[in-house]
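Please look over the following model with an eye to its charged side-chain contacts and its strand pairing. A short briefing follows the display.

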Amino acid sequence: MHIVERVAGDFTPNNMIYHELQSFHLLPADSVEGRPPQDTDASLSSMAVFSQLVTAMQQQAPQSPQDIAAELLDAEDTARAAATAAQKRALDPLSTNADAAAKSTANVEQLRAYAAAAMGAFQSVPVPAATATASAPPSPLAPYTFTFFPHPVPVAVSVPYCSAHFCVMVNLKPIVPNHLMVVPIRCVGTVHGLTEAEVEDWGHVMRCTIDVLEELRLEQQQHSSAHGEASVSAPLLGNYSVAVQQGALAGQTVAHLHVHVIPFDPQGKLAGEPETDELEQQRRPPRTPATMKAETDALRPLFIKYAAAAAAAAASRKK
């Protein structure tokens, strides 16, 4: 896991080492169906340069803890690190936003109602005591909405899964197929803004998301093998980029905290940061609601299955 602090002027948004890695193919491009053949010598040369890059990085002398502290920590940083969890949560940019607080309450109500009305046995979202006296949830026929702050998102179109504190969203402009996002239900802007209960639930939802993506990967692998399309050995386990961009300098463009889960394509380029090129991301056309809903509908039963399995395993461990 790489955790990199971004400061003004260090790089343009999203311009990190992953961008350098993305210029290299792991496999010769002519082994990828639908792509024009490229010179094998050039591909091998590219891999050699990539290997040299990684080797040079690994051979750099490690910094001592004292050097790191002197370089990175000033008095303000030290004081911030010593702050309590509650004090850090108070620094979250959405913690004092009245609209975000109202939308957080609405998010809980909307997802609980949608789960009860549209997902049957799907795990409901409990309403916190502070909102128990709020207005009754909308009728099952109402258009449920989740606020990916500040953007309203139709739940039936974009949300295949929700837990007590998090939901999973399909992407409006995915980089690769099945590029998903894990988002706190409460309108939170930073990792520090999460409560302990939310952090624990976050881990469970991340694991469930990877389980679902693994099943999709294996299904695609079996389909390719059955149709003679598999040209390379598939990895035993899938590979994924999991990315959090916190703050504008790190490339965060939506105030609501979110985690990108991006499947890694061994026949393509390395999947690094969610947005490899700002202009390319802006030019990429958004998907239609019908396309997004089709993906959401396909994902929902898989999330139900793995969430139920995880709950049964947890119950068994408590016995």
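Buried means under 20% relative accessible area, exposed means over 50%, and partly exposed lies in between (1.4 Å probe, protein chains only). This is a predicted model, in which local features need pLDDT of at least 70 and side-chain atom pairs count only at pLDDT 80 or more, while totals for chains, interfaces and linings use all residues. Residues are numbered from 1 along each chain as its sequence is written, and side-chain values use heavy atoms, with hydrogens and water left out.

**Salt bridges**

- The structure holds seven salt bridges, each being a side-chain nitrogen of Lys or Arg within 4 Å of a carboxyl oxygen of Asp or Glu.
- One of them joins the side chains of Lys-305 and Glu-215 at 2.7 Å, N to O; Lys-305 lies in helix α10 (residues 289-318) and Glu-215 in helix α8, so the pair ties together parts 90 residues apart in sequence.
- Helices (H or I, at least four residues) and strands (E, at least two) are DSSP runs, numbered from the N terminus.
- Lys-305 is partly exposed at 42% relative accessible area, whereas Glu-215 is buried at 16%.
- Arg-300 and Asp-297 also meet in a salt bridge, at 3.1 Å, N to O, and are three residues apart in helix α10, about one helical turn.

**Strand pairing**

- Strands β1 (residues 145-148) and β2 (residues 151-154) pair in the antiparallel sense over four bridges, where pairing requires that DSSP finds at least two bridges between two strands.
- β1 and β2 form a hairpin with two residues between them, and Thr-147 stands opposite Pro-152 in β2.
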